[in-house]
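Have the picture ready and follow along.

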Amino acid sequence: MKERNILVFGGTIEGRRVSEYLSGKKAAHTLCVATEYGEEVLDMGPYMTVRQGRMNQEEMCLFMEQGAFCAVVDATHPYAVEVSKNIRSACEKESLPYFRYLRPDADDRGKEQELSGQAMVFVDSSKEAADYLEQRSGQIFLTTGSKELHVFTEVISDKSRLFVRVLPSSEVMASCRALGLEGKQICGMQGPFSVDMNEAMMRQAKAAFLVTKDTGISGGFPEKIEAARRLGVTPVVIRRPEETGYDWEELKKQLEKILGENQDDEEKPWNGTEQVLDEETIPRAAQGLDAVTADGGVQRKITCIGIGMGNYGTLTYEAANAIRQADILFGAKRILESTLTMWDDLKMGCRKPAAVAEYSGEKIKAYVKLHPEYRNIVVLMSGDVGFYSGARGIKDAFAEDDVTFLCGISSVVYFASKIPTSWQDAKLVSAHGKHIAVLNLVKRYPKLIMLVSGSEDVERICSELSTAGLHQVKVTVGSNLSYPQESILSGTPDSFLTCGTRGLHIIMVENPEACHVITPGIPDEEFVRGKVPMTKEEIRILSIAKLRLKEDAVVYDVGAGTGSVSIEAARLCTMGTVYAIEKNPEGISLIRENGKKMGLSNLITVEGTAPEAMDGLPSPTHAFIGGSSGNMKQIIGSLLEKNPKIRIVINTIALESIAEVVRVLDELGIKDADIVQASLSKSKVLGRYHMMNGMNPVYIISFGSTL
């Protein structure tokens, strides 16, 4: 109806949330987005009209007049001050009710403060942030978008310090290049970003500073700050402009007044947030509220369910029955939508429960504490609760409650049955939202099945395989499993360099030439050599054995030389990461060349002198010290500070060096060191004879955790 048409400004998460809510109310509305990309990410519906393009105040007035709107919701970005000012003025001129939707604040009081143990710097503008950073050294990870990027490129004299993350539109990418940034400095990605993803990108940028706006929870602010905390990166936070408006619950009440909503609850489809319980539903949900736990809390029943692929055809009968009895459902929005569709498709004959799009255990617990009327709580997880699921977080959050877990059909099981192939002989990993050493795994396992995110992950993985020359492997890609648009395709890595499918994906890589190596001992002649020292094969085998590596170890190789120990460790730790730290530029070049030759994607070179070169690296579980440049005490002290339970192995040759190590260990209070002197001889053919040539004796010192 024309007179109920509501105008919404904002290609933001908040704007999409308002649109989903109005669609759920079957209310006609127009959503205004500034860019073409803002329109591309929308889920179009029958009650939504999209207007794409920026407008000044006069254009807004004309648009409002022609649209015959009954109200305007301003859900633009909290930093779009000028846009909000224009919307408010246009509403005043056209006599339209104006509602500003406020994004939840983060704590930003004080110029500098401690937040969760993390030192943070607060500024009032991009210019102030740029001025602050110009006076300091170190790489900068910039996440404030492209609109004010010019401020940083104008103020920061050394543009090579900048690494920017922006939306992946051609217009934005072109504007970044126009400001003098090179391709390696630009990352075009659409969020949300997990903590691990933020951490990986900051590590790649070698960032000393993170520049961000206080975009709140929906803008991924906590995830960025946590990633910075892990890496010791200093966040520079641009304060949010002060404004007044409505939070989500207050805004819904205002919109209900505008819409004159009087529909029966039975007719209301789920709209992405909690459904309002009517007088009939509340007593049903609150039956037995007088029962309390021993500590006075309300008894709850928590059921965590694996729903399979999302299509109700892969939902077990036990799970469907538990969902029927639920008072409230929690889960990702996609999962809730497909699950609640069952009531219509299967004519289940019972009321739909309330639904909240949330899957964090702590947040769910906080919510149900505020709503004791919900007694039978169901948390929905995709696939199976025991396979890369958030079920552990639910168990930890509700440790004192009655929690039941119902299994589901995992995507791997479904995928394997469709090809068909066995999966018990496959290596199963998740690359969903995180980086894994694909080349290592493909070379090690004949059959590798990976959970990934979108098509960009498929393209990246296949590009790695193609670049490494692994053209003999077979790649099978599945997308939208169990849905009508399901697709399962096979080919070479080159077949998927451009992947046209959308949604979540799963990949299987089969390599008939895979070799499952479980011991160190790469022959010396396999390494590219230079004038840089290299730990010999037999000493390398002993030293690696003393390290007692784990598959997911984080290893520092200090004084890595040609990288022989780094490469042995990286080959064995297929789920871990090895940091080869070397001050000699020739050594760094040799490490990279050898890593490329061996096909390793979990070997990272770090040029510099330890311990300074170790600053900003993640906490190690193991360390090998082949050279210290006279900084043995500082290096060991820094390693122990990063991880008191670290396992350390040191190689020395000179008597003076072993004396220094013993003295340092004594000063540091390390009493459990094991010292071995290895004196080896190796045969050399002279004519018809084999002569044994003695090698220099090497001292192998090892200490630290063996668990």
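## Helix H10

Helix H10 covers residues 248-259. The expected span is 1.5 Å times one less than the number of residues. Helices (H or I, at least four residues) and strands (E, at least two) are DSSP runs, numbered from the N terminus.

Which residues of H10 are buried? They are Trp248, Leu251, Lys252, Leu255 and Leu259. Seen down the axis of H10, these fall within an arc of 100°, so they line one face of the helix. The arc is taken from the directions between the helix axis and the C-beta atoms. On the face turned away from the buried side of H10 sit the exposed residues Lys253 and Lys257. Here buried means under 20% relative accessible area, exposed over 50%, and partly exposed in between (1.4 Å probe, protein chains only). The buried residues of H10 pack against strand S1 (6-9), helix H1 (13-24), strand S4 (71-74) and strand S5 (98-100).

## The model and the whole chain

This is a predicted model, in which local features need pLDDT of at least 70 and side-chain atom pairs count only at pLDDT 80 or more, while totals for chains, interfaces and linings use all residues. Residues are numbered from 1 along each chain as its sequence is written, and side-chain values use heavy atoms, with hydrogens and water left out.

The protein chain has 24 helices and 31 strands. Of its 707 residues, 50% count as buried. Among contacts with a separation of 6 or more, 68% join residues 24 or more positions apart; a contact means heavy atoms within 4.5 Å.

Helix H19 (residues 455-467) has 13 residues, which at 1.5 Å a residue should span 18 Å; its end C-alpha atoms are 18 Å apart, in agreement. Among its buried residues are Val458, Ile461, Cys462 and Leu465. The elements covering the buried residues of H19 include helix H18 (438-444), strand S19 (447-452), strand S20 (474-479) and strand S22 (505-510). After H19 comes glycine 469, with a positive phi near 80°.

Arginine 460 belongs to H19 and is partly exposed, with a relative accessible area of 29%. Arginine 460 and phenylalanine 496 are 36 residues apart in sequence, and their C-alpha atoms are 9.3 Å apart in space.

Now look at arginine 540, in helix H20 (residues 537-547). Is arginine 540 buried or exposed? Arginine 540 is buried, with a relative accessible area of 0%. Leaving out residues up to four places away in sequence, arginine 540 touches residues including Asp524, Phe527 and Glu568.

## The second largest pocket

The second largest pocket holds about 840 Å³ of space. A pocket is found on a 1 Å grid over the protein atoms alone: it is an open set of points where a 1.4 Å probe fits, with protein on both sides within 12 Å along at least five of seven lines, and lining residues have an atom within 4 Å of a point.

The lining has 40 residues, with Pro533, Thr535, Gly626, Gly627 and Ile653 nearest the centre of the pocket. Elements giving two or more residues to this lining include strand S26 (622-625), helix H23 (632-642) and helix H24 (655-667). H24 gives the most, with 3 residues.

Technical notes
Grid points are joined across faces, edges and corners, and a volume is the space filled by probe spheres set on the points.
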